[in-house]
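This report considers a few local features of one protein chain, and it is meant to be read alongside the sequence and the structure shown here.

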Amino acid sequence: MTDETTVPETPLTEKLEAILLIIDEPLGLVALAAAVGAPVPAVRQAIETLVEDYDGRGAGPRRGFELREVGGGWRLYVREDHDDLVAEFVGGQAPARLSQAALETLAVIAYKQPVTRGQVASIRAVNVDSVVRTLLARGLITELFADSETGAINYGTTDALLQNLGINSLDELPPISPLLDDGADGFDEGTIR
């Protein structure tokens with residue numbers, strides 16, 4: 001005789017909340033359905049339930065965040081009423097250290113600039129969209145210009161990066177040759193500006 005206990009199925013709304021909490025770009029219904037392994041109509045209904053719940057139209061109170069559809073996808077956002085509060089809180093925090101991914105992306109931009117997001121992603125072999133947004137928000141990199149053919153934005157470092165590194169120009173960056181086999185993998189000669 002085996003003791004089989006049945007584990008209750010996690011509600012679809014809980015699964016969606018878990019995914020929505022960690023994404024940094026809006027996800028469409030199809031992508032959300034794939035992420036939680038549920039049919040699109042069920043996900044659409046669960047999203048509607050969450051929107052009503054967060055807006056206080058259910059049994060609970062209105063939340064300080066909302067589930068909003070933007071650009072064909074869904075994402076959690078701070079309610080507009082609280083923008084000033086959140087901006088003040090974030091601005092008053094001690095600057096956080098950069099992640100390893102941010103440091104690597106910043107190094108590629110510093111040595112390769114001007115460089116597009118796609119070129120950085122190619123060099124690092126990972127998606128760098130959120131890291132680039134973080135570096136822009138911290139003022140360590142800036143948009144230099146848009147490529148006339150592709151429209152891709154080219155990025156470069158700012159004076160704030162130089163100040164944080166304690167150097168006067170990018171010429172003072174250490175040579176990367178000790179870090180790479182031949183000192184050129186992924187980099188073109190003479191791109192330090």
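In this predicted model, Val-78 belongs to strand β2, which covers residues 73-78. Val-78 also takes part in a nonpolar surface patch of about 460 Å², which it makes together with Leu-85, Val-86, Phe-89 and Val-90. The largest share of that patch, four residues, is contributed by helix α4, which spans residues 83-92.

The loop between β2 and α4 holds Arg-79, whose side chain meets that of Asp-55 in a salt bridge with an N to O distance of 2.6 Å. Asp-55 sits in the loop between α3 (40-54) and β1 (65-70), so that the pair, 24 residues apart, links distant parts of the chain. Over the whole structure, a search finds 10 salt bridges.

| α5 | 100-112 | Ala-101, Ala-102, Thr-105, Leu-106 |
| α7 | 129-137 | Val-131, Val-132, Leu-135 |

Two packed helices are described by the angle between their axes and the distance between the axes. For α5 and α7, the axes come within 10 Å and cross at roughly 80 degrees. Because angles of 65 to 115 degrees count as roughly perpendicular, α5 and α7 are roughly perpendicular to each other. The residues that make this contact of α5 with α7 divide into six nonpolar, one polar and no charged.

Conventions
Residues are numbered from 1 along each chain as its sequence is written. This is a predicted model: local features need pLDDT of at least 70, side-chain atom pairs count only at pLDDT 80 or more; totals for chains, interfaces and linings use all residues. Side-chain values use heavy atoms; hydrogens and water are left out. Axes are lines fitted to C-alpha atoms, for helices over the stretch in contact, and angles run from 0 to 180 degrees between N-to-C directions. Helices (H or I, at least four residues) and strands (E, at least two) are DSSP runs, numbered from the N terminus. Angles under 35 degrees count as roughly parallel, over 145 as roughly antiparallel, 65 to 115 as roughly perpendicular and the rest as oblique. Contact means heavy atoms within 4.5 Å. Ala, Val, Leu, Ile, Met, Phe, Trp, Tyr, Cys and Pro count as nonpolar, Asp, Glu, Lys and Arg as charged, and the others, Gly among them, as polar. Patches are made of residues with over 30% relative accessible area and no salt bridge: like charges are joined within 9 Å, nonpolar side chains (Val, Leu, Ile, Met, Phe, Trp, Tyr) within 5 Å. Accessible areas come from the Shrake-Rupley method with a 1.4 Å probe; for residues, only the protein chains shown count as cover. A salt bridge is a side-chain nitrogen of Lys or Arg within 4 Å of a carboxyl oxygen of Asp or Glu.
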